[in-house]
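User: I would like to go through this entry term by term. Please set each value against its cut-off.

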Amino acid sequence: MRALLSRVPAPPVVPTARTLVLLVLLAPLAVVVAATAPSAWVVAPAAGLALLLVMLIDGWLAGPLVDFDYHVPADAEVGQPATLRVNARIERDSDAALPEVAIGFDPRLGAQGRATFRLHPTGVASVFSGVGDTVPVRRGPGALHDLWLRWPGPLGLAVRQRRAALDAAIRVWPDLSPVRSPVLQRFLRDSQFGLVARRIRGEGTQFEALSEYQPGMDRRRIDWKASARHTALYARENESERDNQIVFAFDCGQSMIEPVDGLPRIDRAVSAALTAAYVALKGGDRVALFGFADQPQLMTPFVTDTRAFHRLQSAAAQLDYTPREPNFTLALATLAARLKRRSLIVLFSDFSDPTSAELMVESVERLVRHHLVIFVTMIDTELEDLAATAPQSIGAIAVAVSADALARQRALVLERLRRLGVNVIEAGHASIGYRLIDLYLDKKRSEAIG
């Protein structure tokens, strides 16, 4: 996005902190003059007026602003920097300090709600340009509302400044940097789920073809009936199953909107899920997203091709941040009712108290009867640090004991899920995506999904 503001009116001249300090220092001088030479009292006011006059001249030497424009990207990804650019044409003394820019925006576009940076000469007379980065912390549209531009005079006693209301917005999407990472692209190129889809023989249960038995082949692959008909040994070649249904279910409730390393857990989960979804689509499977909090939020149709991957990205961007406890019973019952065949359900969630954990376990237990379930949760590093830190006071001891109790409850809940047959992934946010891909490929090779 690019916006241009021209024919800018003359900005006001504003004193700098240096001018105000000098004026304050004149006060003791006035007291000394009044005490030692009362007849010379006019010296102090004259010095003050002279300083103000020099300040106005310095502001005039700062030069007029002819025009300026700004460039804002239309789209950005949560957790990834978005670059803002400002160009300005100022007729000023080149020896003066560099112009400064501040852009105010929606807090979801940056933790401070603003970006500040300096403009540098471009080599063209009177033209300055600069860029600043902001890192969005939440998905959704974020508005940019104000731009401040200030540039000082050569003495640094005065600045001219200009404020402009902005009519711009940035749409913040889920982070897809893991999908674009060279590691994943190299994996897709070299693995059986490469860029060119090809049949995977020798594994799976779907019959593909018969071939003459060769020494070294698995004897269990011999088709005895076909061998009897042809009076020679023939082996079955099977194809790995495709067209499996995979549902990525997101808990968007209170625990998942808590930040981990600066971003909400739900955004970390969405990034990991989209990475795994891309691999699944490459493998010929069908992918859908399901989001819920105190009630179901969305359920997308199944996507069957990587060319429709943008639909998953758009749907994931609509997952809301809900500061309420999730209703696992309603959400997972709704999901189970919509699935007409056995599917792989990847549930991203977390829990903060035994009551919500108990309800989650009961709901997951009903899912496991008909579907393959993977439960993904992020390691609570803050809880581990509190439990591991040596306490220095009575209050710290109470905190450490409470943190250790919560950690034990958390481990107990995860163990209960494992006993139910749920595959549990508990890892740091940076590795859950790759751990999930490894587990998905393992289940796919073992034909556990269909």
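User: How do you know what span to expect for α12, and what span does α12 reach?

Analyst: The expected span is 1.5 Å times one less than the number of residues. α12 has 14 residues, and the expected figure is 20 Å. From its first C-alpha to its last, α12 reaches 20 Å, close to that expectation. The model is predicted: local features need pLDDT of at least 70, side-chain atom pairs count only at pLDDT 80 or more, and totals for chains, interfaces and linings use all residues. Residues are numbered from 1 along each chain as its sequence is written, and side-chain values use heavy atoms, with hydrogens and water left out.

User: What makes a run of residues a helix or a strand here, and how many of each does the protein chain have?

Analyst: Both are DSSP runs, numbered from the N terminus: helices are H or I with at least four residues, strands are E with at least two. On that count the protein chain has 12 helices and 21 strands.

User: Which residues of α12 are called buried?

Analyst: Buried means under 20% relative accessible area, exposed over 50%, and partly exposed in between, with a 1.4 Å probe and protein chains only. In α12, Ile 432, Gly 433, Leu 436, Ile 437, Leu 439, Tyr 440, Leu 441, Lys 443 and Lys 444 are buried. Of the 450 residues of the protein chain, 46% count as buried. Just after α12, Glu 447 takes a positive phi of about 60°.

User: Why is Pro 81 called exposed?

Analyst: Its relative accessible area is 52%. The cut-off is over 50%, so Pro 81 counts as exposed. Pro 81 sits in the loop between β4 (75–77) and β5.

User: Which residues does Pro 81 touch?

Analyst: Contact means heavy atoms within 4.5 Å. Leaving aside residues up to four places away in sequence, Pro 81 touches Asp 133, Thr 134 and Val 135. The C-alpha atoms of Pro 81 and Val 135 are separated by 4.4 Å, though these residues are 54 apart along the chain. For the chain as a whole, 74% of contacts between residues at least 6 apart in sequence join residues at least 24 apart.

User: What makes β3 and β5 a pair of strands?

Analyst: Two strands pair if DSSP finds at least two bridges between them. Six bridges join β3 (residues 65–71) to β5 (residues 82–90), so they pair. They run antiparallel. Asp 69 has Asn 87 in β5 as its bridge partner. β5 is also joined to β9 (residues 127–134), by eight antiparallel bridges. There, Leu 84 stands opposite Gly 132 in β9.

User: How many bridges join β10 to β11, and how many join β6 to β10?

Analyst: 12 bridges join β10 to β11 (residues 158–173), and the strands run antiparallel. Trp 148 stands opposite Arg 163 in β11. The hairpin of β10 and β11 has five residues between the strands, and Gly 156 takes a positive phi near 75°. Six bridges join β6 (residues 100–105) to β10 (residues 140–152), also antiparallel. In β10, Leu 149 is the bridge partner of Val 101.

User: What makes a space a cavity, and what makes it a pocket?

Analyst: On a 1 Å grid over the protein atoms alone, a cavity is a set of points where a 1.4 Å probe fits but cannot get out, and a pocket is an open set with protein on both sides within 12 Å along at least five of seven lines; lining residues have an atom within 4 Å of a point. Points are joined across faces, edges and corners, and volume is the space filled by probe spheres set on them. The structure holds two cavities of 30 Å³ or more.

User: What lines the largest cavity, and how is its lining classed?

Analyst: The largest cavity holds about 50 Å³ of space. Its lining is Ile 246, Phe 248, Ala 276, Ala 280, Leu 344, Val 346, Leu 436 and Tyr 440. β14 (245–251), α6, β19 (344–348) and α12 each give two or more of these residues. Ala, Val, Leu, Ile, Met, Phe, Trp, Tyr, Cys and Pro count as nonpolar, Asp, Glu, Lys and Arg as charged, and the others, Gly among them, as polar. By that rule the lining has eight nonpolar, no polar and no charged residues.

User: How is the lining of the second largest cavity classed?

Analyst: It has three nonpolar, three polar and three charged residues. Among the lining residues are Asp 251, Ser 255, Glu 325 and Phe 328. The space is about 30 Å³.

User: Which residues are closest to the centre of the second largest pocket?

Analyst: The second largest pocket has a volume of about 240 Å³. Of its 18 lining residues, Asp 175, Pro 178, Ser 271, His 429 and Ala 430 are closest to the centre. α3 (177–180), α6 (265–282) and α12 (432–445) each give two or more residues to the lining. The largest share, five residues, comes from α6. By class, the lining has seven nonpolar, eight polar and three charged residues.
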